[in-house]
Structure formats: structure tokens, C-alpha cells
Amino acid sequence: MTVSLVSTTQAAFLLNISTGRLRFLLNKGRVIGARKVKRFWQIPLNHRGMPEITPGRRGPEGSWNKLQRKAKTIVHVLRKTIDYNRDNGTSHPVVAVKVGDKKAYCHALKINGPCQIVYEPHNPNKSQAGGARLWIEVEPEHIVERKYFVNGDYGPPPEVVQQRAKTKKSKSKKKNSKKKGKNRSS
């Protein structure tokens, strides 16, 4: 029986965690069967085609992917953030990468494998790409490497922060109106 070995980037992709988090787990000895050859880690895959991680002693349960990916990776460019960066001299991430229900932002992207660009102006993708009319789809088995600027801004882009603030305000208004309605009826 041959054991498949993968690199740190490939294992992080399979587990749906960052390479930094995976390196932390490797240094703590929590990746079963992983070994370092010169400067590079070789990580074995189990019978399901996934690296195995031992659970930690404290804290919440690990949020890494335990089964093979089934969801496509959806990539879209945040046009409003590009405009914001240009107008304000900032360098917020402008690429949104969504796999299943997890969303991450980055400055650049390397897609290792085939992908397709989808344009549907009359039927925007509300479920995966947040209402985008143009997006890139990558099949689950292909690796998508996220890249960041060394001196770039991190965290969600300004348009996402503003959208979250609006949603939070509208939820609090609805909650307050429900409380007032209950007080009047009693």
C-alpha cells in the first residue's frame, strides 16, 4: 500500500485552514505521520484522502475539514474595494474566495487547475458569490492558493464592514420594534 504525501499548501487546502495554522499544528506535532525533509514538510493522507490532526487538549474543537471537499470554490473581485483603495491610497484585499460557507479575502490568487468564468447578468449568484453577476468557479479537487501583500491591509474590505454594520443596525431596529410592540399589548 502506498501512502500519498502532500505539501503544506496542499494539506492546508484540503483541511480548509490557512498554511500558517497548519504550520502551527505541524510544529506542535499534531499532524499524524508528518515529517520534515530538509526545509519541507511531507504530510501523509489517510484512507479518505485527508491529513489527520490529533485534537488539542484545551479550547474549542478544531474547525478543519475532516472529509473530502464537495463544494466548488467561488472567486469574485470586489469592484467597490478597488475604487476605495484607489481613492484612499489603501491596499485592502479585493479578491473574495468562498468555499462552502467559509469566506476569505486576499490580494492575489493562484488557481492550480482548470476553472471557468461565469457571467449571468440576469441571474446573479446570491447563494455562493453574494449576488455577483461575474465570478470564477473552481472544482473542489483543485487547489486555490491565496496570496497577500506584505504591506497590505488585512481583514474584511471596507465594503464588507459597511454591509455588516447596516445589517447589524437593521437587526437591532427590528428587535427594538418587537419589544415596543410587546410593551403596548401588555
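**From a surface patch to the core**

Modeller: Ile117 is exposed, its relative accessible area being 64%; exposed means over 50%, buried under 20%, and partly exposed in between (1.4 Å probe, protein chains only). The model is predicted, so local features need pLDDT of at least 70 and side-chain atom pairs count only at pLDDT 80 or more, while totals for chains, interfaces and linings use all residues. Residues are numbered from 1 along each chain as its sequence is written, and side-chain values use heavy atoms, with hydrogens and water left out.

Ile117 lies in strand S8 (residues 115–119). Strands (E, at least two residues) and helices (H or I, at least four) are DSSP runs numbered from the N terminus. Together with Tyr119 and Leu134, Ile117 makes a nonpolar surface patch of about 380 Å². Patch residues have over 30% relative accessible area and no salt bridge; like charges are joined within 9 Å, and nonpolar side chains (Val, Leu, Ile, Met, Phe, Trp, Tyr) within 5 Å. A salt bridge is a side-chain nitrogen of Lys or Arg within 4 Å of a carboxyl oxygen of Asp or Glu. The areas come from the Shrake-Rupley method with a 1.4 Å probe, and for residues only the protein chains shown count as cover.

Now to the inside. The largest nonpolar core has 17 residues, and those with the most contacts inside it are Leu15, Leu22, Leu26, Val31 and Ile43. Such a core is a set of buried Ala, Val, Leu, Ile, Met, Phe, Trp, Tyr and Cys residues joined through side-chain atoms within 4.5 Å. Helix H1 (8–15), helix H2 (19–27) and S3 each give two or more residues to this core. H1 gives the most, with five residues. A second, separate core of five residues includes Val75, Val94, Val97 and Cys106.

H1 is mostly covered, with six of its eight residues buried: Thr8, Ala11, Ala12, Phe13, Leu14 and Leu15. Their cover includes S1, H2, S3 and strand S10 (143–147). Just after H1, Asn16 takes a positive phi of about 60°.

Ile43 touches, among others, Leu5, Ala11, Leu22, Leu26 and Val31, not counting residues up to four places away in sequence; contact means heavy atoms within 4.5 Å.

Strand S3 (residues 40–44) runs antiparallel to S2, joined by three bridges, and Val37 stands opposite Phe40 in S3. Two strands pair if DSSP finds at least two bridges between them. The open sheet has three strands in the order S1-S3-S2, with antiparallel pairing. Strands S1 (5–6) and S2 (35–37) stand at the edges with a single partner strand each, so one side of each is left without a neighbour in the sheet.
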